[in-house]
Amino acid sequence: MAKAKAALLFLAVAATAHADWTIAAATTEGSHDGVQHRHVVLEDAETNESATIDLALFSTKSCTLRVIDQPTPPRKDLAHVMAQENCLAGVNGGYFDPDYAPIGLLIVDGKTIAPLQRARLLSGVLTASSREVQILRVREFSRQRRLNAAIQSGPFLVDLGRRVRGLEETRSARRTFAAVGGLNDVALGFCTEVSLADLAKILATAQLADGFKISRALNLDGGSSSAFWFAVRDGATYSITEQKTVRDFVAIVPR
């Protein structure tokens, strides 16, 4: 009986390991003003599914985050706004209602545009101050903090370096996310169509970039809102366009 239990345990562990996403190919754009573009193709051997992740990686020693708001029309696309504002990279931001009112906390250039909300989906806050960039649980957030930028979103994908359990497993969609690791490492990212559970597994288990171990990751507005933009060099850009107009963007800018 003991041998049978041991064999079953081995098979369960092997199946779990086999189901992990693995990196099939990866390329890296040269660093531009302290920001690096990483393009990663992943495969799940068990399901024959594939996914592609684009990351804009930076250190808070050289860069920080800025939230760019579009409160009134005409609202422009990510590529237009990033180039207009001389940003280094960026993604779409947080959730908004059909009238484009932000859902959850929104702080732009130090001014609170929308208040913090208590909702199951809005479990985290991406913040940027003069000193650091953080991803906080809502219960960790303090209204006394002096912040230059903040977006409330969710759900949490990774916490304490581990994927969050209980995330939705069946609905695949384009995804946008923010991630932090170590003392100064931050990334904004885009992923092709996967479930929230699969994205969490990818971010927690795959080594997407050398020296970058994700400690926390937060889902931003996804689906047709998802977009990614990166300034390469000499005016060249890499862009994945959103499929619908959005309220706000998260941009990487020089410190």
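Author: Strand β3 (residues 49–59) is largely enclosed by the rest of the structure, because eight of its 11 residues are buried. Buried means under 20% relative accessible area, exposed means over 50%, and partly exposed lies in between (1.4 Å probe, protein chains only). Strands are DSSP runs of E with at least two residues, and helices are runs of H or I with at least four, numbered from the N terminus. The model is predicted, so that local features need pLDDT of at least 70 and side-chain atom pairs count only at pLDDT 80 or more, while totals for chains, interfaces and linings use all residues. Residues are numbered from 1 along each chain as its sequence is written, and side-chain values use heavy atoms, with hydrogens and water left out.

Strand β3 has pairing partners, where pairing requires that DSSP finds at least two bridges between two strands. With strand β2 (residues 35–44), β3 pairs in the antiparallel sense over 10 bridges, and His 37 has Ala 56 of β3 as its bridge partner. The two strands make a hairpin with four residues between them; in the turn, Asn 48 has a positive phi of about 65°. Strand β14 (residues 185–194) also runs antiparallel to β3, joined to it by seven bridges, and Gly 189 in β14 stands opposite Leu 55.

A further group of strands deserves mention. An open sheet of five strands has the order β4-β18-β5-β16-β17, with antiparallel pairing. Its edges are β4 (63–69) and β17, each of which has a single partner strand, so one side of each is left without a neighbour in the sheet. Direction ignored, neighbouring strands are turned by 15° against each other on average (axes are lines fitted to C-alpha atoms, for helices over the stretch in contact, and angles run from 0 to 180 degrees between N-to-C directions). Seven bridges connect β4 with the antiparallel β18, where Val 253 is the bridge partner of Thr 64.

The loop between β17 and β18 (248–254) holds Arg 247, which counts as buried at 7% relative accessibility. A polar atom of its side chain lies 2.9 Å from the backbone oxygen of Tyr 100. Not counting residues up to four places away in sequence, Arg 247 touches several residues, including Ile 68, Asp 69, Phe 96, Tyr 100 and Ile 113; contact means heavy atoms within 4.5 Å.

Tyr 100 also receives another arginine: the charged end of Arg 75 sits over its ring, 4.3 Å from the centre (CZ of Arg or NZ of Lys within 6 Å of the ring centre and within 35 degrees of the ring normal).

Phe 96 and Tyr 100 form a stacked pair, 5.2 Å centre to centre with 10° between the planes. Rings of Phe, Tyr and Trp (its six-membered ring) pair if their centres lie within 6.5 Å, with planes under 30 degrees apart counted as stacked, over 60 as edge-to-face and the rest as tilted. Phe 96 is buried at 14%, whereas Tyr 100 is partly exposed at 22%. Phe 228 and Tyr 238 have ring centres 6.1 Å apart and planes at 75°, so this pair is edge-to-face. It links Phe 228 in strand β16 (residues 228–231) with Tyr 238 in strand β17 (residues 237–240), 10 residues apart. Phe 228 is buried at 0%, and Tyr 238 is partly exposed at 25%.

How values were computed:
Polar contact = N/O pair within 3.5 Å; in protein donor to acceptor, adjacent residues only side chain to side chain.
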